[in-house]
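I opened my notebook to keep track of what I looked up here. Come along and check each entry as you read.

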Amino acid sequence: MALEDYRDDCTDCSRCSYCKWIPLDHIKSARFARACPSIEYCGFQAYSLGGRLSVALSLLEGRIGYNDELKNIVWECQMDGACDVSDKICRYNIRGLEAMREMRFKLVEDGEALPQHKAYIDNLHEEQNMVMGPRANRGDWADGLDIKNLAEEKAGVVFHAGCRYSYDEELQKTARTAVTLLRDAGVDIGIMGEKESCCGGRAYQWGYRKELNACARRNARAWIRAGVKTVVTPCAECYYAFKRLYRETGFTLEVVHVTEYIDRLIKKGKIKLTRNVPLTVTYHDPCHLGRLGEPYVPWQGNKKKIYGQIPVWKPSRPRYTGAWGVYDAPRSVLSSIPGLTLAEMERIREYAWCCGAGGGVLEAYPDFAAWTAAERLAEASTTGAEAIVSACPWCERSFIDTVKVQDGKIKVYDVIDLVQMAL
Amino acid sequence: MALSTDAYRALEDIVGPKYISQDPAVMDSYAYQWLAETVRPDQSKFMPRPEAALLPGSTREVQAIVKICNKYKVKFKAYSSGWYFYGAPFSEGVIQLDMRRLDRVLEIDEKNMFAVVEPYVNGGVLQAETMKRGLNCTVSGAGASSSTLVGATCYHGSGGTSIYTGELRENLLGAEWVMPNGQILRTGSLGSGCGWFCAEGPGPSMRGIVRGALGARGGLGVYTKCAVKLSAWPGPAEYPIEGTVPAYRSPMPPNFRAYTVAFKDWDSLFESYYRLYDNEICYYAHRQWTMLGANLGPAFWMLYQDPTKSLDDIEEFTRKREVKQLTKEMRYSYQLVLVGMSQRDIEYKEKVLEQILKETGGWKVKKWLETEMEQFSLLYLLRLGKKNLNFVYTGGWVGNYMQSGTPDFVKKYEPLAEETTGKFQATGLLVDCGADSMMGCVGSIAGGGQCGLEQFGFYDVADKKSTAAAIKWMKYCIKEEAKHNIPPGKEGMYLAVGKTHEELQRDLARQPAIHTWQRKIKQAFDPNNLGDRLYPTLDER
């Protein structure tokens, strides 16, 4: 695809501003009615989905050229997809999020990448991770665990920790708990250890298309060699990469988020949660597990017009509206924990507010990332919850850092941490 | 005229560097507008690019900006949600004020039933806040994403509940207006320091003056706050939502009813309007589902309920027997929501409706009585959070006719609307969804008595031939209306945006004297002519 392929999506924008709000039916208060961190933080129309479509059209028509402001417009956005969900309430034939991503691809391929991202992408090329860690230390998080190393052995399930869990020492205990929990429940599971590679999803979201393909090839080859049938990950971004993006390259292994896997095991009685956890928590839906975590549906088709002027696709193009993301499994796990109370925020499921960490914002615009997280924490605090729980290490890192700066009281957990408390 | 460095610096000093931009990409995001393609050279989607865009954060800043504009003779244009090409600059040399930082619901006075809002508060937000207090506001027909203040001060702001909650222009109370000369005028009771409760005083009553004939739409100063009247809401404090995206639903409270009622012909339908006015039973009364065409709309509404389906599947739906039956059954139909202030009240209203239907030969459409359809209707109609489905076919439409008046008056232009539309749909250049794609209020003002129908013509914005056909259709409708002694509807307003000054003057000269009066008003309030032609004036001869 090229940006030109999205020209009709750009001209189709009716400039209605739905993209700036959560689905209007769901608005419960003025305070938490907004959906898009980018326009809320940056202000100008160009920093919304509608604005970006008009900027893309302007680029296509040669009305504007490249400059620093354009790069900010293109990259000062988490690509969290909330705009796309709201837009598709009425305009589900517009591929807004895809068009925004295509703009990133175009700028990168035209040699106009964002300078702040360069070191991370270089590190991906050299060390195969997105967190500036050395490749040699990738497997250290699992030191001392009695778990199969699939670089040398075989197993039906691979546990892919992802870059954040692999290198973030404060969070690593969650990954250790998860893989141990699955192993103890009788799952034939292993890890790739030092040979685990970045999923490539973050790079792709930043505008580096080829990097995703390289990562996908590398990971798929290694997993197939190890006899893997199912990929389990505790990271929402990795989940999205495997579940949606890899599929486009022909990848066919089953992909399961760890909360889905644990939910299955709880329902089968293989994990028993017996200890009381007297906490009130609120659950933050990670964008890449929720609205962006819908299964990929293979499709190829052509545009035609019916009833004179209605452009449609034949065969029918799959809809990605956020309806089929992973929302229930993490909540189901939480509801299985004795004594735990779940207090929902106003913006949940397909219209959840972002944690701030996605799309390269954390790396390039840290103040914006922190502001976005602070907004979410403010929303969490209105529920009366003692803790905010998520299912993605990027969200958790974002919240932990912001709570520290704020000197806040709210605790930050992963669903797995709470499961461990209840064992 | 390019903005001088001195003027830019003066503006930057007011809002700070973060809230002003002249970057070309940022400017094009303001220039881009729906409908631009119907009036701009080469069907461009871009209106003239603003010289700068500013995000003022207070009335004081707005006033300071306007004063600088007067000093440097710079034209300015404010918008809130920014939907419609009316919000964009109409010429070069204009600065754009994006009001999105003025976004507070400042007050909800429960006892006196009004709310005070800033420009970026939309209908969805205000309704959510008022519902918590047992009150409701008018969500304008443009939908929940549209600004309440704009509907009240700059346009008409009628919507589906207008028959009960009033049109927004009716509901305007006190307002704060930064006049084009940079002075602030507080209108109605606010002007005497008596609070927001009344538009007419004690204090300057300015409703007619500031709005003019059609609403100044950003052409005459900037409104920074206003109060709007609220109405009773005997429903939940927030909508409980069921279902998944996109066809969210809300369970029906016991004192609510949502119906699609249908009739055997137009005469019976319009007769029922009169009876609804006489009996005052409606909370919501609007012809909504037909906006997607009487022939194709029912298929769309059915497929929309299934989250696995999309517009790509609409042909399949039209072939379903159930859809064919529904299309026939609701050919002459509209939507109603009845709300009882008590259980006895809803029972009474229900009985009255039954009697009206009996007397006019109408019926409740069965499909829309199914629980999920009823729940979908309720939420859709009262929140109007999915109103922009009128863009779903092609990304573009124009709404012709739309003359408000008595049902007898509207009945007069209905056949013409169908005839002219059918003719253009038959060319294949507009969506052939049925010549009746008419939508409009059953009662566009409080209590009813006045209604309207807006005939949608859907054109593909990505297709130059289709866009050209929409323009031709608008012009054709105006000619046909003239032949039948019907004034031009919204199509006249759309096309006016693209007219030359001379063409506009020729049109205005044929109209009532109001545009002469508007010239005098404009001369008084906008001596440097910094607004635009959306406050139209007839030149002095």
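**Two helices of chain B.** I first looked up which residues link H9(B) and H13(B): B:Ser268, B:Glu271, B:Ser272, B:Arg275, B:Leu276 and B:Asn279 in H9(B) meet B:Val352, B:Ile356, B:Glu359 and B:Thr360 in H13(B). I call two residues in contact if their C-beta atoms, placed from the backbone, lie within 7 Å. By type, the residues of this contact divide into three nonpolar, four polar and three charged. Here Ala, Val, Leu, Ile, Met, Phe, Trp, Tyr, Cys and Pro count as nonpolar, Asp, Glu, Lys and Arg as charged, and the others, Gly among them, as polar.

Helix H9 covers residues 266-279 and helix H13 residues 343-360 of chain B; their axes come within 10 Å and cross at roughly 150 degrees. The axes are lines fitted to C-alpha atoms, for helices over the stretch in contact, and angles run from 0 to 180 degrees between N-to-C directions. H9(B) and H13(B) are therefore roughly antiparallel to each other, a label for angles over 145 degrees. Helices (H or I, at least four residues) and strands (E, at least two) are DSSP runs, numbered from the N terminus.

**A note on the model.** This is a predicted model, in which local features need pLDDT of at least 70 and side-chain atom pairs count only at pLDDT 80 or more, while totals for chains, interfaces and linings use all residues. Residues are numbered from 1 along each chain as its sequence is written, and chains are lettered from A and ligands numbered from 1 in the order in which they are written.

**Chain B as a whole.** I found 19 helices and 18 strands in chain B. Its radius of gyration is 23 Å, close to the 24 Å that the globule rule gives for 541 residues, so chain B is as compact as a globular protein of that length. The radius is taken over C-alpha atoms, and the rule is 2.2 Å times the number of residues to the power 0.38. I also noted a box of roughly 70 × 55 × 45 Å, along the principal axes, filled by the C-alpha atoms of chain B. Buried residues make up 59% of the 541 residues in chain B. Buried means that 20 or more other C-beta atoms lie within 10 Å of the residue's own, exposed means 12 or fewer, and partly exposed is in between.

I then looked up B:Glu129, which lies in helix H4 (residues 123-131) of chain B. B:Glu129 is buried, with 22 other C-beta atoms within 10 Å. Leaving out residues up to four places away in sequence, B:Glu129 touches A:Ser29, A:Ala30, B:Val105 and B:Ile108.

Most residues other than glycine have a negative phi, and most peptide bonds are trans. I noted a cis bond between A:Lys314 and A:Pro315, with omega about -10 degrees. Another cis bond joins B:Gly201 and B:Pro202, with omega about 10 degrees.

Is B:Leu384 buried or exposed? B:Leu384 is buried, with 28 other C-beta atoms within 10 Å, and its phi is positive, near 55 degrees. B:Gln43 also has a positive phi, near 55 degrees, but counts as partly exposed, with 16 C-beta neighbours inside 10 Å.

Note on methods:
Angles under 35 degrees count as roughly parallel, over 145 as roughly antiparallel, 65 to 115 as roughly perpendicular and the rest as oblique.
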